[in-house]
Amino acid sequence: PLTIKFDFSPRMVVNKQVKILQIGSSENKNIEKLIEASKGEKDKLILVRQKNEKIQSALERLDIDYEWHTNVSDNELFGLYKKCDVVFFASTYEGFGLPILEAQKVGRPVITSNISSMPEVVNNHRVLVNPYSSEEIRNKICEITSSDGLYQDIVNKGLENCKHFHPSV
């Protein structure tokens with residue numbers, strides 16, 4: 001069976017600044033659409049990826065708050081999951097998408113794509129977006145983070161979903 005290494009950690013503070021965790025450096029991870037969706041907002045992007053001057057330049061030019069993390073350990077990654085409000089994993093293609101389950105296990109909503117394998121992995125239509133629409137991504141970030149009830153419902157459904165992949169949860 002699939003082993004999900006992280007444990008549930010309730011979100012302690014509702015941040016005025018939405019902290020969005022994005023994991024992965026390949027082109028399909030869709031960082032450009034997340035940057036477009038965060039333009040003019042007070043988001044903080046927590047990036048777990050190889051440094052990229054083009055992306056860093058776009059973030060700075062658009063005055064988007066961010067922090068960059070490379071080569072993180074499992075412990076450090078768990079800390080980043082706990083630190084964020086939402087995980088962005090709206091890839092344009094994905095074989096499976098383990099970060100979806102890791103985020104759900106920690107208790108964080110995942111905004112993910114309505115294409116490829118992601119709908120089957122996340123098992124919650126309320127978090128699916130068209131990965132090519134920065135407007136839809138922005139709307140979903142706002143929808144999830146502006147309603148404590150919806151946020152908690154998505155967290156609860158995510159924790160339930162993990163049980164399908166890890167029998168000892």
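Predicted model: local features only at pLDDT ≥ 70, side-chain atom pairs only at ≥ 80, totals over all residues.

Q: Where does arginine 138 lie, and why is arginine 138 called buried?
A: Arginine 138 lies in helix α6 (helices are DSSP runs of H or I with at least four residues, strands are runs of E with at least two, both numbered from the N terminus). Buried means under 20% relative accessible area, exposed over 50%, and partly exposed in between, using a 1.4 Å probe and protein chains only. Arginine 138 comes in at 11%, so it counts as buried.

Q: What does arginine 138 touch?
A: Leaving out residues up to four places away in sequence, arginine 138 touches Ala37, Ser38, Glu41 and Asp43. Contact here means heavy atoms within 4.5 Å.

Q: How do you know whether serine 133 is buried or exposed?
A: Serine 133 has a relative accessible area of 19%, so it is buried. Its place is in the loop between β6 (128–129) and α6 (134–145).

Q: What makes helix α4 largely enclosed?
A: Eight of the nine residues of α4 (residues 98–106) are buried, so the rest of the structure largely encloses this helix. The buried ones are Pro99, Ile100, Leu101, Glu102, Ala103, Gln104, Lys105 and Val106. Their cover includes β1 (19–23), α3 (74–83), β4 (86–89), β5 (110–113), α5 (118–122) and α7 (148–162).

Q: Why is α4 called oblique to α7?
A: The two helices pack at about 120°, with their axes 8 Å apart. Axes are lines fitted to C-alpha atoms, for helices over the stretch in contact, and angles run from 0 to 180 degrees between N-to-C directions. Under 35 degrees would be roughly parallel, over 145 roughly antiparallel, and 65 to 115 roughly perpendicular, with the rest oblique. That makes α4 oblique to α7. In the packing, Leu101, Gln104 and Lys105 of α4 meet Gly158, Leu159, Asn161 and Cys162 of α7.

Q: How many aromatic pairs are there, and what makes phenylalanine 6 and phenylalanine 78 a stacked one?
A: The structure holds four aromatic pairs. Rings of Phe, Tyr and Trp (its six-membered ring) pair if their centres lie within 6.5 Å; planes under 30 degrees apart are stacked, over 60 edge-to-face, the rest tilted. With centres 5.4 Å apart and planes at 5°, phenylalanine 6 and phenylalanine 78 are therefore stacked. Phenylalanine 6 is in the segment before β1 and phenylalanine 78 in helix α3, 72 residues apart. Phenylalanine 78 has 18% relative accessibility, so it counts as buried.

Q: What about phenylalanine 6 and tyrosine 81: why is that pair called tilted?
A: Their centres are 5.4 Å apart and the angle between the planes is 55°, which puts the pair in the tilted class. Both residues are buried. Phe6, Phe78 and Tyr81 form one aromatic cluster.

Q: How do you know that a charge sits over the ring of tyrosine 151?
A: The charged end of arginine 11 is 3.7 Å from the centre of that ring. The cut-offs ask for NZ of Lys or CZ of Arg within 6 Å of the ring centre and within 35 degrees of the ring normal. Arginine 11 is placed over the ring of tyrosine 151.

How values were computed. Residues numbered from 1 in each chain as written. Heavy atoms only, no water.
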